[in-house]
Amino acid sequence: TCALPIYGGAIATTDEVKMVCIENLAFSDTAKTTASTAKAWINLDGQNAASELDVLEVGPNESIVLKFKTGAAGVDIANLHAASSSSTLLIRVCALVDDGG
């Protein structure tokens, strides 16, 4: 989990993700008792990550850090979609988000 304070109010779908870290913990439950070989698929265009071919893949026990274009840019939260390749998957996500306010 990411225990950072959130400033600026509620998250909106138009808020821009500036940086995101995604870690595939390779478990299918929060107790971390059931191992998983599922992959996390990430789509940045607001499409279904499970059915698209142009997605990022984070395998079991892998992580990825994505830093998006600087300035008044980023990826809108509404466009950041994820899916599991085969089953329930426990992942850790931490993001820096500009709330535009």
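This is a predicted model: local features need pLDDT of at least 70, side-chain atom pairs count only at pLDDT 80 or more; totals for chains, interfaces and linings use all residues.

User: What share of the 101 residues in the chain is buried?

Analyst: Buried residues make up 25% of the chain. The label applies to a residue with under 20% relative accessible area. As for the surface, the chain exposes about 6300 Å² of accessible area, and carbon and sulfur atoms hold 54% of that.

User: Which elements make up the chain?

Analyst: Seven strands and zero helices. Read from the N terminus, the order is β-β-β-β-β-β-β.

User: How do you know that strand S2 and S3 are paired?

Analyst: Pairing takes at least two bridges between the strands. Three bridges join S2, residues 40-43, to S3, so the pair meets the cut-off of at least two. The two run antiparallel. One of the contacts to look up is Ala40, whose bridge partner in S3 is Val58.

User: What makes S3 and S6 edge strands?

Analyst: The open sheet has the order S3-S2-S6, with antiparallel pairing. Strand S3 (56-58) and strand S6 (81-84) each pair on one side only, and that makes them the edges. From one strand to the next, the twist averages 25°.

User: Why is Cys21 called partly exposed?

Analyst: Its relative accessible area is 29%. Partly exposed is the class between buried, under 20%, and exposed, over 50%, so Cys21 at 29% belongs there.

User: Which residues form the largest nonpolar core?

Analyst: This core has 11 residues, including Val17, Val20, Ile22, Ala40, Val58, Leu66 and Phe68. Strand S1 (16-24) and S2 each supply at least two of its residues, and S1 gives the most, with three.

User: Which residues does Leu66 touch, leaving aside its neighbours within four places in sequence?

Analyst: Leu66 is in contact with Lys18, Met19, Val20 and Leu56. Across the chain, 76% of the contacts with a separation of 6 or more are between residues 24 or more positions apart.

Key: Residues are numbered from 1 along each chain as its sequence is written. Side-chain values use heavy atoms; hydrogens and water are left out. Helices (H or I, at least four residues) and strands (E, at least two) are DSSP runs, numbered from the N terminus. Axes are lines fitted to C-alpha atoms, for helices over the stretch in contact, and angles run from 0 to 180 degrees between N-to-C directions. Buried means under 20% relative accessible area, exposed over 50%, partly exposed in between (1.4 Å probe, protein chains only). A nonpolar core is a set of buried Ala, Val, Leu, Ile, Met, Phe, Trp, Tyr and Cys residues joined through side-chain atoms within 4.5 Å. Contact means heavy atoms within 4.5 Å. Accessible areas come from the Shrake-Rupley method with a 1.4 Å probe; for residues, only the protein chains shown count as cover.
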